[in-house]
Every structure is written in structure tokens, then in C-alpha cells.
Amino acid sequence: MPEPLRLGIAGLGTVGIGTVKILQRHAELLSRRAGRGLSVAAISARDRTKNRDADISCYEWEDDPVALARREDVDVYVELMGGADGPALAAIRAAIETGKDVVTANKALLAHHGQQLAEAAEAKGHVIRFEAAVAGGIPVVKALTEGLAGNEIRRVVGVMNGTCNYILTRMEESGLPYTDIFEEARQLGYLEADPELDVGGIDAGHKLSLLASIAFGTRVSFDAVDLEGIGRVSIDDIHRARDMGFRIKLLGVAQMTGRGLEQRMSPCLVPADSPLGQLQGGTNMVVLEGDSVGQVVLRGAGAGAGPTASAVMSDVIEIARGTRLSTFGQPAATLTEPTPARSSAPAPYYLRMGLTDKPGALAKVATVLGEEGISIDRMRQYGHADTSAPVLIVTHKTTREAVDHALRRLPATAVVLGDPVAIRIETV
Ligand SMILES: NC(=O)C1=CN([C@@H]2O[C@H](COP(=O)(O)OP(=O)(O)OC[C@H]3O[C@@H](n4cnc5c(N)ncnc54)[C@H](O)[C@@H]3O)[C@@H](O)[C@H]2O)C=CC1
Ligand SMILES: N[C@@H](CC=O)C(=O)O
Ligand code: NA
């Protein structure tokens, strides 16, 4: 049997300890699958003495994660500290410089530095693997890189942030507004240290940009992701959308169009009876569409110690087996610079507005929509006690530009009260 593969594990929080536990619990199973033993050369975290849910006294300790990366007895540097820059970046650079392969769960870091790190690693014949970084335990990176390698990928769509899906699901269940459920999520410890990463759509945008790179052979371009978080999703819209047969999800879409690479992470309506519409709580779902395979739907835990460590271990075993994959599915130097699509593909839209309850009000709105080339598919007016009549409109496919233009014109009709809401409807 070959020599054991020696790991240096930096970060002993949720994911790091989850990884240590799998290594300890399944040592024999893992070495059978890997074809060689797996050993831990040393570990590192901020606080050595912290009470942890695993016995780490058997491992050598390094205070400095960069020193751990430079150790000669480490073959694979397992970075589970987090942070887009700082020690995680310095440590991964040091690991590559000194000839190690790298496994990381750090989507923020790869979204910002993935291209440069992949080029550096590949120039030296080393690999960077990141299954845990996208949708946690769901093997979506491997599905795209390996299982669907024979396809031209048409589209990647998904719910990739469990916290946002939890918040939206709980708002619908409880009827409580965003601020109340945000607080509930905080109390449950679901939110990242900087909650804006979750609710601002940034974390999910990081993940989408990594999948887009593999799917379309383009350099990671997180800055080109059109981002909108869930902070403005109202309980009203959640209920009205449900009345019309939809649910609101923070949805990521990446597709190559005639106008360039479209990457969006924003609240969208999806049919309530679709797989995405049925997705409840903190679960993730990614839908991959290939020209030969059609649609592949992956669903599972996008976060948590066990699921995320499961993904980390899949990368470690891949390396132990001798599989050497390019970080983004093809040599980093051959990834092309994407042209960002300036506008998104046409789609139906959901429009909600309050109208003055006077004859002809609806006709004025319909005229503006018609003049902007927007055709109405369905409409519903609600009973009301005051002077503002709530109206919902589902349009046929149209462009975001036409919708925005119509919304800008509506105040001039003098029949629309307050700010109308427009949300894209995504059919998957
Ligand atoms: N928690 C989850 O469910 C998921 C986490 N991830 C990613 O996994 C990585 C780790 O996340 P968690 O385990 O949740 O974080 P955590 O906050 O629970 O643990 C971080 C660990 O890294 C150590 N650390 C942080 N900065 C350090 C430094 N400068 N020097 C030495 N040690 C340092 C901390 O002491 C701690 O042991 C992050 O990149 C995160 O985005 C990815 C998917 C899911
Ligand atoms: N904050 C993330 C954790 C995993 O990436 C989420 O809620 O999905
Ligand atoms: Na994954």
C-alpha cells in the first residue's frame, strides 16, 4: 500500500471538527476507499485550549496556519478557516508555493482569488479542490466537473444559501415579517458572522460564480454577478405570490446567452409545485441543465458540520486516489474572460401595486404596460377596506428593461399608490 496521505488541517470550527470526526470515525473505511491511509500531520486554529466536540490531543499543533502550510510533512493543506483574504489566502499561497495540494470550503476566497490560485497551483502541478464551498454536502462541483463533463451546459439554477431559504420559508409559515424571522435565524445561529453575506445574497453569489466558471469555461467573475438580497421581500409578496401559485426563493441563475454570461442571484418567483418551489427550510437545491443529459436536480444539506465535512472528505479521497482535476474543470490558463450580459433573458414578471379605486384606473395601468410591449397573462384584484385596491399582474415574457421603464411611467398615471413591486418569475 502507498504511504498514507498526510493532512494539515487549518480551522477547527464547525467544518474542521466535522472533518476530524469523520477521519476518526471512519479511518478504516476511508483508507479502503482511498487505497491508502489518511493521517493528520498537524492541526491549527485560533485557540488550542477551546473545548471541542472531538479529541484533538493526539495531533501536533501549529499556532500559525501559514507555518502549517509550509510543513514538510503535509501533503494536503485543508483550509477550513474562512475569510476572503487574510490568513486563509496567505496560507493557501504558502501551501501551493511549498508543493501541497489544497482542499478548501472557502467560497468567498475562491470567488475573489480562485483564478490566480488555480493558475499558481496548476503551474506547479498541484490541485485545489472545493466541493464543500458550493452547496455544502451536495456533490455539485463533482457533478459539473465530472459527471456532466460530456455536456454543453445550458444553465445552472439553484437555491444556494440555506439561511435565506430558511428565512423565506419561515416567513410564509408564520406570517411574520422579515425582521422578526431574521432575528429568529440569528438566535438559532444560522447567520454568518456578517449576516449581509447571507441575506445580501453575497454568499450565494460567491457559490454561483464558482459553478459558472466550471459550467461555461470562464474565469470566475463574482463582480459581474447581478446581486440582490432578500431584505426587501415583504410578507405581502410572499402571500400574494402564493395566491398566484408561486413561492419566492433567493435564486441563482447562470447561463451563457447571445449577449454574454448572465449571472444573477436575486429573489425570484418559482412555481409552488416545482422542485424549487417545494424546497423548505435550510436545504439547498441546484438544477443543472446539459444539452445531452437534460435536467439534473441535486438536493441536500448546504451547510452544517456533517454535510460540509462529507464534501471536504470527498476531495481528500479524490486526491488520495491520485485523481488530478483542474480546479475549474479545465486548465485555469484556458478559462476565458467572460463578457457579462448587460441584460437578463426575457421572463414573465409578477407585478404588485395599489390602485386608486376609481373607474378606469386599471385601464391606465394596462395602457402603460401595453405601450411598453408588456402583455398581461393573469391579473387579480383584491377586496379592500380603504381607498387603495391591491392588484396583482402576471405578465407574459418580457424584459427587465421594459418592466423598469413601465414602473417609471406609472406614477404619471396618478392611479398608482405607493411603489409598485416587480419580481421575476423563473421557470425551471
Ligand atoms: N459552517 C458551514 O456550514 C459551512 C462553512 N463553509 C465554509 O467553511 C469554512 C469554515 O467555516 P466554519 O467551520 O463554519 O467556521 P468557524 O468559524 O466555525 O471555524 C473557523 C475556524 O478557523 C479558525 N480560524 C479562523 N481564523 C483563523 C486564523 N487567523 N488563524 C488560525 N485559525 C483561524 C477558528 O479558530 C476556527 O477554529 C468557511 O470558509 C465557510 O465559509 C462552507 C460551507 C458550509
Ligand atoms: N451561510 C451559508 C452556509 C453555507 O455555505 C448558508 O446559509 O447556506
Ligand atoms: Na458541494
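Student: At roughly what angle do helix α5 and helix α10 cross, and within what distance do their axes come?

Tutor: Two packed helices are described by the angle between their axes and the distance between the axes. In this predicted model, the axes of helix α5 (residues 107-123) and helix α10 (residues 202-216) cross at roughly 50° and come within 9 Å. Axes are lines fitted to C-alpha atoms, for helices over the stretch in contact, and angles run from 0 to 180 degrees between N-to-C directions. Helices (H or I, at least four residues) and strands (E, at least two) are DSSP runs, numbered from the N terminus.

Student: Which word describes α5 and α10 relative to each other?

Tutor: Angles under 35 degrees count as roughly parallel, over 145 as roughly antiparallel, 65 to 115 as roughly perpendicular and the rest as oblique. α5 and α10 are therefore oblique to each other.

Student: Which residues of α5 and α10 make the contact?

Tutor: Two residues are in contact if their C-beta atoms, placed from the backbone, lie within 7 Å. On α5 these are Lys-107, Ala-108, Leu-110, Ala-111 and Gly-114, and on α10 Asp-203, His-206, Lys-207, Ser-209 and Leu-210. By class, the contact of α5 with α10 has four nonpolar, three polar and three charged residues. Here Ala, Val, Leu, Ile, Met, Phe, Trp, Tyr, Cys and Pro count as nonpolar, Asp, Glu, Lys and Arg as charged, and the others, Gly among them, as polar.

Student: At about what angle do helix α7 and helix α8 pack?

Tutor: Helix α7 (residues 162-174) packs against helix α8 (residues 178-187) at about 125°, with the axes 9 Å apart. α7 and α8 are therefore oblique to each other. Their contact includes Tyr-166 and Ile-167 of α7 and Ile-181 and Phe-182 of α8. The residues of this contact comprise seven nonpolar, two polar and two charged.

Student: Which residues surround ligand 2?

Tutor: A residue is near a molecule if its C-beta atom, placed from the backbone, lies within 6 Å of it. Gly-136, Asn-161, Gly-162, Thr-163, Glu-192, Asp-198, Asp-203, Gly-302 and Ala-303 surround ligand 2. One is nonpolar, five are polar and three are charged.

Student: Which residues come nearest to ligand 1?

Tutor: Among the 24 residues around ligand 1, the nearest are Gly-11, Gly-13, Arg-46, Gly-82 and Ala-303. Helix α1 (residues 14-25) gives the largest share of this shell, three residues.

Key:
Residues numbered from 1 in each chain as written. Chains lettered and ligands numbered in written order. Predicted model: local features only at pLDDT ≥ 70, side-chain atom pairs only at ≥ 80, totals over all residues.
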